[in-house]
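Dear colleague,

Please find the structure below, followed by a short account of what was found in it.

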Amino acid sequence: MIDEDLKFMKLALDLAKKAESKNEVPVGAVIVKDGEVIGRGMNRSISDHDPTSHAEINAIREAAKAIGNYRLKDCLIYVTLEPCAMCVGAIQHARISKIFYGASDPKTGACGSVVNLIRIEEINHHTEVYGGLLERECGQVLKDFFLAKRKKP
């Protein structure tokens with residue numbers, strides 16, 4: 001299934017690049033059910049004036065509407081950056097079964113880099129996590145974005 005995983009992560013990476021073109025932090029996410037994309041999202045916090053408008057949240061909203069249910073049981077999420085605490089919480093509440101992420105986030109990552117919310121036993125839903133899928137490509141988009149920001153006067 002690795003070829004399919006790469007295909008979906010590449011779609012998320014395309015969304016990250018689209019976010020970058022809109023001067024948003026370049027993060028993209030797709031949600032897949034039964035091999036079909038049912039939700040897409042990219043960061044839109046700046047343009048939406050909304051701190052919750054992360055790629056994962058936007059993909060969850062679209063996927064939930066697509067299937068007519070807030071529970072995304074048996075769905076997978078592919079996201080270019082390790083989810084933060086807010087997004088992990090939303091993923092768990094949505095009952096998404098697996099997270100695939102590209103680059104680790106040493107500042108806000110909640111799948112093990114800073115904190116591991118997935119492994120807290122008291123939380124009633126546990127999602128499987130797989131990190132490092134197209135890690136170099138996902139990380140490079142972010143590095144290039146922030147480098148360009150620092151160079152602007």
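D74 is partly exposed, with a relative accessible area of 48% (partly exposed lies between buried, under 20%, and exposed, over 50%, using a 1.4 Å probe and protein chains only). Its partner in a salt bridge is K73, with the closest N and O atoms 3.9 Å apart; K73 is exposed at 55%. A salt bridge here is a side-chain nitrogen of Lys or Arg within 4 Å of a carboxyl oxygen of Asp or Glu.

This is a predicted model, in which local features need pLDDT of at least 70 and side-chain atom pairs count only at pLDDT 80 or more, while totals for chains, interfaces and linings use all residues. Residues are numbered from 1 along each chain as its sequence is written, and side-chain values use heavy atoms, with hydrogens and water left out.

The count of salt bridges comes to three. R44 and D48 form one of them at 3.1 Å, N to O, and R136 pairs with E137 at 3.7 Å. R136 is exposed at 63%, whereas E137 is partly exposed at 29%.

E137 also belongs to the set in α5 (E137, C138, V141 and F145) that meets M9, L13, K17 and E20 of α1 (contact: heavy atoms within 4.5 Å). The axes of α1 (residues 2-21) and α5 (residues 135-151) come within 10 Å and cross at roughly 5°, and the two helices are therefore roughly parallel (angles under 35 degrees).

D105, in the loop between β4 (98-103) and β5 (128-131), is buried yet has no salt bridge; K107, the nearest side chain of opposite charge, is 7.3 Å away.

With kind regards

Definitions and conventions:
Helices (H or I, at least four residues) and strands (E, at least two) are DSSP runs, numbered from the N terminus. Lys and Arg count as positive and Asp and Glu as negative; His and the chain ends are not counted. Axes are lines fitted to C-alpha atoms, for helices over the stretch in contact, and angles run from 0 to 180 degrees between N-to-C directions. Angles under 35 degrees count as roughly parallel, over 145 as roughly antiparallel, 65 to 115 as roughly perpendicular and the rest as oblique.
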